[in-house]
Amino acid sequence: MNIALQTRLPALSEYYSETKCIWCDGCGNYGIWTAVRYALVELNLHPWQVCLCYDVGCHGNGSDKIEGYRFHGLHGRVIPFAAGAKLANMKVPVIAFGGDGATFSEGIGHFVHGVRSNYPITFVLHNNTNYGLTTGQASSLTPQGQPMNTSPNGIPEHTLASMDLIFSLNPTFVARGFSGDIKLMTRILKAAIQHRGFAFIEMLQACPTYNHFATHEYLLDRYFDANADGHDPSNLQQAKALATQVQDRIACGILYQCQDTPHFYDRLIPRQGVETTCVEEVRRYDVSEYWKELV
Amino acid sequence: MVGASGQGINSIGAIVAKGLKRSGYCVFGYREYPSLIKGGHASYQLDISNQCIRSTETRVNVLVALNHHGLELNMEELKQGGVVLHVTPGWQFPEHHQKLIAERNVRVIYFPVDDILNRLGARAILSNVLLTAFLWSMLDQDIDALKSLVGETFAKKKALLELNMRCIDEGYSFVDPEQGTISVALPPPDKGFASHLLITGSQAMGLGAVHAGVRLYAGYPMTPSSPLLSFIAELENKTHMVVKQAEDEITAAQIVSGAMYMGTRALTATSGVGFDLMSETLSLNAMIENPTVFVLAQRPGPATGLPTWTAQGGLLQAANCSAGEFTRCVISVSNSQDAFDLMPVAFNLAEQYQISVVVLTDKQIAEALYTQHPYDLEKADIDRGRLVVDPEKLKALKSSDRFNPHAEGGVSLRWLPGSDAATYCAQADEHNAMGAVDESSLNTNLQMEKRLRKFRGLKAGLPEPHLTISGRSATTDWMDVGDEIELLAIGWGSTGDVFQDVMCSDELRGRKIAYLHYTYLWPLRTKELQRLAKRSKRIVLVEQNYQGQLGMLIRMNCGLDIPDRILKYDGRPFFYDELLSVVIERCASTSENEQNCPGFEYAGTSS
């Protein structure tokens, strides 16, 4: 990410939107929404300098509750849209948001290839372990057997081991936050936005209306800041263990970060040494050199 | 040239085509092949003239058969006095073929390729060079021209180069012991063609896209759109473009949409069911008013259909697919000229109206080889519509300017993420002027009307279909003096070039035939068509689909029903001689039934 030095530091109020929040009382989105604004301000980013891309879901209803150049698209598709936006203009930090339903069902292919491609974007997973906006159906991250809307007997499928999947894709940044700890989320978000590559953040999020198993209190009792406990994010084995073993305590913080893997754009041979962005390069091109071989 | 896929017919075809073009001939190359890498029966046909031609005949003067399957399958295609060149030792023609050979005075040449290879100590791969050289001598072409052409390929591999040159000498000097020296006479060349390009429609489209300022390409391989992806990728180190082979068509469409939202020009291409996957993104871009261009390269469907064959079955798909009502534009390329020219046009339309433009092409255009005059590089403008970039003007913007429902023609101001200005949300939910979700009745009406209002301006600004008239002379122009049109044909896409070649035929000289070619298919302009229809004795629709899809759109737009249709849906393009004969039939029956054949009727009121 390139962050230009600004003479005028942004104020939190610059991100203020007149659109009223309509999330349920106690929804984890309030905390994540707040942490995102803190992180952007603390990184000296004005709203016009950032691009925020939202998938469809309760979190996506936050797309008009914040300032910034925003996009609110189709269910499951936010990662490729955000990647395209970023590749077109590497100077603008791009942050994508998606729920557990969109990310691990409709858009799981995009997610897999997003991590694998190591696009230089931040992806924030709003994990409330269900489809909130469509009234509480099971997602692939809902515990097997948990009765939900449309699955009164619980879902017959296995719960998807999301962190095992992610670590199988050679990620370069994996973090976990909890919607009840804004300070922790802000720290993670800042590190993610500054990361060179695909930064994955799972935000464990309370859903007081539909999630009666991993509630705010449940998460509050179990989460802890692994970095404060001395976890070194460059330790892959420990990171995997912390990420996947969540039965008793849930490790949060920056679980894994690899700084020396080049991201997607840096691997593009044709772009090496090119200082401009694709956005700046739109003009009429003389292509006669390219047809010489065809004469 | 016929043989198994992978046997080298494409390389022989490409070398002969280029050599002849450099000698001053217009060459049109046509490929047929199954969806296989090795095996299967494939062909590469070259139609050659000293005048501009852009179509293929069903019959040939020379058949080169690289295996015996060609001798079994393609003999019927030989013309009177034709030549068969084959490499199958001891081949005995069955009785019906012997009869054909006698009746048509066909000369059969067995070319002992294995003997010559053994003598030269060359590997089998060089059999193509041997055959090419012999073919070259048969066409009375200069051996040095062939040597320099082949030399360009092997310039850096000296040993290979020498062997190739020896093969050329051997092949060129071969004389069949039974037939003696055989010469297939070509008309005198027109040196003007020598400087032309030999180019496929996909290459033309790729060059057009680069010319138009496309800086990012994302695609998923699917015939017949893959050659465009390959061509763009081959150029990437020269163009410095971002090229992404996506994990699926949805991804390709979304990447391109994200890139366009950010403000570059980006392109994707696909075919049939791949476009189905992209269609949700079409709807998305309509809602967020994001300019985008999609290439839909048609092949016969439904489903996987005939992957390597051609069709025009995607018109209604392009014009109608995807959720909700919105303004879009559908245009179709017809040949290597407008495959290039229409790329800047498509991007300009997309940006002027902040809509998606679907550019149709088909397998015939995508893979046919055209002799193409070098492109005019000064003609195209880059028009980015109501894009605000001036820093002062940016400062003055309000968030609510972005989707201002009262904007003239429904086209509001657009500015790019990263601009120091008020921000907005590109909102796929129904939204107000600044992109905040607003489901109120008042707002929904305003925004729907804003987006659909673009249709009127778009339609008014699009060119009318292009009219070509046969039998035109310098002194008395029947069209201008108001004569009745004997036959008015309507078509689009790759059909156009074949029909125009047909109109120029000797058989139709002096006939009052008019051909109306649609490049801009949606919104559809029908004023010119209705005017011409009134003075036409007979109207015929010419399309490569089952339903007559352009005819359906015409009827939907202005009520004009065209029951007379020349339709083809077998995966093959219209061939020159085939189309000529049905047009002659139409003309003949028009003369016979002058009184009682209205040929068309109005199904409803015109708009």
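Which residue in S20(B) is the bridge partner of B:Gly491? The partner is B:Val542. The model that shows this pairing is predicted.

## Strand S20 of chain B

S20(B) covers residues 539-543. It is mostly covered, with five of its five residues buried. Burial holds on both faces. B:Ile539, B:Leu541 and B:Glu543 are buried on one side. B:Val540 and B:Val542 are buried on the other.

Four bridges join S20(B) to S17(B), and the two run parallel. The bridge between B:Gly491 and B:Val542 involves a residue of S20(B) that is buried. With S22(B), S20(B) pairs in the parallel sense over three bridges. There, B:Glu543 stands opposite B:Leu567. B:Glu543 is a buried residue too.

## The five-stranded sheet of chain B

S20 belongs to an open sheet of five strands in chain B. The order is S16-S18-S17-S20-S22, and the pairing is mixed. The edges are S16 (466-469) and S22 (565-567), each of which pairs on one side only. From one strand to the next, the twist averages 20 degrees.

S17 (residues 487-492) and S18 (residues 513-518) of chain B pair in the parallel sense, over six bridges. Within that pair, B:Trp492 stands opposite B:Tyr518 of S18(B). Helix H18 (residues 495-503) of chain B packs on the sheet. H18 touches S16, S17, S18 and S20 of chain B. The direction of H18 makes about 150 degrees with that of S17(B).

## Chain A as a whole

Chain A holds eight helices and eight strands. Its radius of gyration is 20 Å, close to the 19 Å that the globule rule gives for 295 residues, so chain A is as compact as a globular protein of that length. The C-alpha trace of chain A spans about 70 × 45 × 40 Å along its principal axes.

Of the 295 residues in chain A, 55% are buried. Among contacts in chain A with a separation of 6 or more, 72% join residues 24 or more positions apart.

A:Leu125 stands opposite A:Glu202 of S6(A).

One of the bridge pairs is A:His72 with B:Gln427.

## The contact between the chains

The contact takes 54 residues from chain B and 49 from chain A. On chain B, the elements that give two or more residues include S7 (197-200), H8 (201-211), S8 (214-219), H12 (272-288) and S15 (425-427). H11(B) gives the most, with 10 residues. The chain B side divides into 28 nonpolar, 17 polar and nine charged residues.

## The nonpolar core

In soluble globular proteins, nonpolar side chains tend to be buried together. Here the largest nonpolar core has 261 residues. A:Cys53, B:Ala259, B:Ala346 and B:Leu521 have the most contacts inside it. Helix H14 (residues 336-353) of chain B supplies the largest share of this core, with 10 residues.

B:Ala259 has neighbours in both chains. In chain A it touches A:Gly84, A:Ala85, A:Leu87, A:Ala88 and A:Cys278. In chain B, leaving out residues up to four places away in sequence, B:Ala259 touches B:Leu216, B:Thr264 and B:Ala266.

Conventions: Residues are numbered from 1 along each chain as its sequence is written. Chains are lettered from A and ligands numbered from 1 in the order in which they are written. This is a predicted model: local features need pLDDT of at least 70, side-chain atom pairs count only at pLDDT 80 or more; totals for chains, interfaces and linings use all residues. Two residues are in contact if their C-beta atoms, placed from the backbone, lie within 7 Å. Ala, Val, Leu, Ile, Met, Phe, Trp, Tyr, Cys and Pro count as nonpolar, Asp, Glu, Lys and Arg as charged, and the others, Gly among them, as polar. Two strands pair if DSSP finds at least two bridges between them. The radius of gyration is taken over C-alpha atoms; the globule rule is 2.2 Å times the number of residues to the power 0.38. A residue is buried if 20 or more other C-beta atoms lie within 10 Å of its own, exposed if 12 or fewer, and partly exposed in between; C-beta atoms are placed from the backbone. Axes are lines fitted to C-alpha atoms, for helices over the stretch in contact, and angles run from 0 to 180 degrees between N-to-C directions. A nonpolar core is a set of buried Ala, Val, Leu, Ile, Met, Phe, Trp, Tyr and Cys residues joined through C-beta atoms within 7 Å.
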